[in-house]
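Please have the sequence and the model open.

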Amino acid sequence: MTKTYLDYNATAPIRPEVIDLVTQVMGEVGNASSVHGHGRAARKYVEDARMQVATLCGVDPDQVIFTSGATEATNAMLSHYRDKKTLISAIEHPAVIDSLPDAIHLPVTKDGVVDLKIYKEKLQSEKPELVSVMLVNSETGVIQPIEEMAALAHEHDALFHTEVVQAAGRMDISLDKLDVDAISLSAHKFAGPQGVGALILRKGLDAPKFMRGGGQEKNCRAGTHNTAGIAGMGLAAEIALKEMSDYQTRIQKMRDDLETKIKEITGSAIIYGENTPRIHNTTNVGLPSCEAQTQLMALDLDGIAVSSGSACSSGTFKPSAVLMAMGVSEEEAKCALRLSLGWNTTPDDIDRFIESWSKLVKRVSK
């Protein structure tokens, strides 16, 4: 059976070049904190990767702190504001929501965009020390107006953190362009290895101390460096930046073709967030009266991998909290699938999905 993978927002297949480099580094020995030749060789892998990730994020290398992923990077940044006044959107990743359990939640519109009127009011009335809003929503692909939101936060003396997990390698995530103070990202979303990520900080901002017990990463992230993983992240960042323009054009065409064909199959299909700017690889489609669990099982039997929400919660088959925050009913939210494309997606993958999903629609429509 031909396998079709359309769940890049959960994790992307690792690029072959990255696998080769990670394998090479794992075949060598050396602790990047050691001063002998083996240690210096390991350190070079780490510092080369720091430069590559810095280039992807439009910063200097000394602004990059390596972590085990965006979840750790987010926790490192936000945990220091747990007892302070903070604002987050109602559609944030659990890493943000759980890091700031007492944060004030900002509502979103029916299109999934933070309500800027209410945001301005909350900045004025609550006077937060920190705002955290993701750049791209992992379920709908909706892009938030981070530049405007960060500028408003700074006018009210608040710092601004954004998680760019679904944006890295897909659009410009330059820290200066976004005008933010901190960025969290994960390698495996842009075809790097799992288990490695980074926290990017504005110059002059003190690095948060999260994991203690060593001087690595500006005393922020103690522990022996994951040299192979970090090297892989660096190479994946370099490739993603180099191929971003071509990736955007090619992937958006396939995504648009996918949505056109979905609507041709049934007029009852709902594309969530389609009327607002979205990242070019993501489609969140609702099929009323057919729960996502049923759709996922049928598609999986045909060798097609998709998701029913964020990868951190999709296994539970709960209604999407993101969609309900957008005003979607609980019943309809249970019927939504997320399809996410990536560097290795082909038009044949789209056709296989359409063929399988079309059969499903015919069965449930009888």
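First a convention: a crossing is called left-handed if the near helix is turned anticlockwise from the far one by less than a right angle, and right-handed if clockwise. Helices (H or I, at least four residues) and strands (E, at least two) are DSSP runs, numbered from the N terminus.

This is a predicted model, where local features need pLDDT of at least 70, side-chain atom pairs count only at pLDDT 80 or more, and totals for chains, interfaces and linings use all residues. Residues are numbered from 1 along each chain as its sequence is written, and side-chain values use heavy atoms, with hydrogens and water left out.

By that convention, α5 passes α6 in a right-handed crossing. Axes are lines fitted to C-alpha atoms, for helices over the stretch in contact, and angles run from 0 to 180 degrees between N-to-C directions. Helix α5, residues 116-126, packs against helix α6, residues 146-155, at about 20 degrees, and the axes are 10 Å apart. α5 is therefore roughly parallel to α6 (angles under 35 degrees count as such).

Contact means heavy atoms within 4.5 Å. From α5, Leu116, Tyr119, Lys120 and Leu123 meet Glu148, Met149, Leu152 and Ala153 of α6.

Now the sheet. Two strands pair if DSSP finds at least two bridges between them. The sheet is open, with 7 strands in the order β2-β8-β7-β6-β5-β3-β4 and mixed pairing. At its edges are β2 (64-67) and β4 (104-106), each pairing on one side only. Strand β5 (residues 130-132) runs parallel to β6 (residues 159-163), joined by 3 bridges. Leu130 has Leu159 as its bridge partner in β6.

Definitions and conventions:
Parallel < 35°, antiparallel > 145°, perpendicular 65-115°, else oblique.
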